[in-house]
Amino acid sequence: MYDVVALGELLIDFSTSLTDADGYPTMVAHPGGAPGNFLATLSAYGKKTAFLGKVGEDAFGRLLADTIKKAGIETKGISMDSRYFTTLAFVTLDGNGERTFSFARKPGADTQLSWEEVNRTLIDEAKIFHFGTLSLTDEPIRTATQKAIAYAKAQGKLITCDPNLRKPLWKSEQEAAEQILWSLSQADIVKISDDEVDFLWRCSPEEGAEKLLLEHGVSLAMVTLGPKGCYLKTAHANIHIPGPSVHPVDTTGAGDIFGGSALSRFLELDKPICHLTEEDLAYIGRFAVTAASLSTEKPGGIPSIPEKKQVLKEMKSL
């Protein structure tokens, strides 16, 4: 039995290590893709996970599949396609580690996963099915994702979603908003950033969490607030959790690490969402925001996941 199976993109993140006098960056490659970062975090914190997706049958695709396997994630749901190249993301950073993305994905192999290629046995064997909205930007991955969600729901699986807005990958902001809003209505648990709340509704994080519960049927809303921490809300409890003081160099993957960390603690509690207390939300949120914050002090996504003992030590100092 798997704790979590996720469907989505695996890609290479190229991040800037230095810039020459003319502004051209020297870039370093890291494994990336939000669902991969998310599952790697869950695996690092003791959960059994599996991935559903596609990479190119190329050097980067093989590297990614090997990295995912080394991270403890089941890889039999990953297919390779010689017709399409593994997606590349080029990440430039400002002085605070905040990112700007450019993508080589027209199309990337991840977008070419079809429903017929999805290993449904992995969904059958999972407690939770997770997806992000980058799987909805193109066909055939959009249809595959929609059908996988419907299949998982029919099997009674808990559904989790991370919008993970990347505007350059959508044909228009209107299409992005429409697909994200549809996604939110499919999920029991949503991890969303304050920037994404502002993009969708132009409201506060607290108001966004309320909308998720009342208008989209979400049971647990988790809003990340950057260096300010996070806000968690259910129908019966809510709490703000401040973030620890860190010195960020790269925020890539921090939201994914938050989501994976939070879900690992939720699984540890082994409670229905409706029974979660404010104390339970604090248990989930403090661990997740600490892990995510610590990850920003190292470059990349998967390589920056902090060890559990480091997270627990930092939490004691808060």
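**View 1. Packing of helix 1 against helix 8 in the predicted model.** Helix 1 (residues 34-44) and helix 8 (residues 254-269) pack with their axes 8 Å apart and at an angle of about 40°, where axes are lines fitted to C-alpha atoms, for helices over the stretch in contact, and angles run from 0 to 180 degrees between N-to-C directions. Helix 1 and helix 8 are therefore oblique to each other, given that angles under 35 degrees count as roughly parallel, over 145 as roughly antiparallel, 65 to 115 as roughly perpendicular and the rest as oblique. Their crossing is right-handed, a term used if the near helix is turned clockwise from the far one by less than a right angle, with left-handed used if the turn is anticlockwise. The contact of helix 1 with helix 8 comprises six nonpolar, six polar and one charged residues, with Ala, Val, Leu, Ile, Met, Phe, Trp, Tyr, Cys and Pro counted as nonpolar, Asp, Glu, Lys and Arg as charged, and the others, Gly among them, as polar. This is a predicted model, in which local features need pLDDT of at least 70 and side-chain atom pairs count only at pLDDT 80 or more, while totals for chains, interfaces and linings use all residues. Residues are numbered from 1 along each chain as its sequence is written, and side-chain values use heavy atoms, with hydrogens and water left out.

View 2. Helix 8 is mostly covered, with 13 of its 16 residues buried, where buried means under 20% relative accessible area, exposed over 50%, and partly exposed in between (1.4 Å probe, protein chains only).

**View 3. Helix 4 beside helix 5.** The axes of helix 4 (residues 141-154) and helix 5 (residues 173-184) cross at roughly 20° and come within 13 Å, and the two helices are therefore roughly parallel to each other. Helix 4 passes helix 5 in a left-handed crossing, with Arg-142, Gln-146 and Ile-149 of helix 4 meeting Glu-175, Gln-179 and Trp-182 of helix 5. The residues of this contact divide into two nonpolar, two polar and two charged.

View 4. Most residues other than glycine have a negative phi, and most peptide bonds are trans. The bond from Lys-106 to Pro-107 is cis, with omega near -10°, and Pro-107 is found in the loop between strand 8 (99-104) and helix 3 (120-124). A cis peptide bond also joins Glu-139 and Pro-140, with omega about 5°. Asn-164, in the loop between strand 10 (158-162) and helix 5, has a positive phi of about 45° and counts as buried at 8% relative accessibility. Arg-202 has a positive phi of about 55°, but this residue is exposed, with a relative accessible area of 58%.

Notes. Helix = DSSP H or I, 4+ residues; strand = E, 2+ residues; numbered from the N terminus. Expected span 1.5 Å × (residues − 1). Contact = heavy atoms within 4.5 Å.
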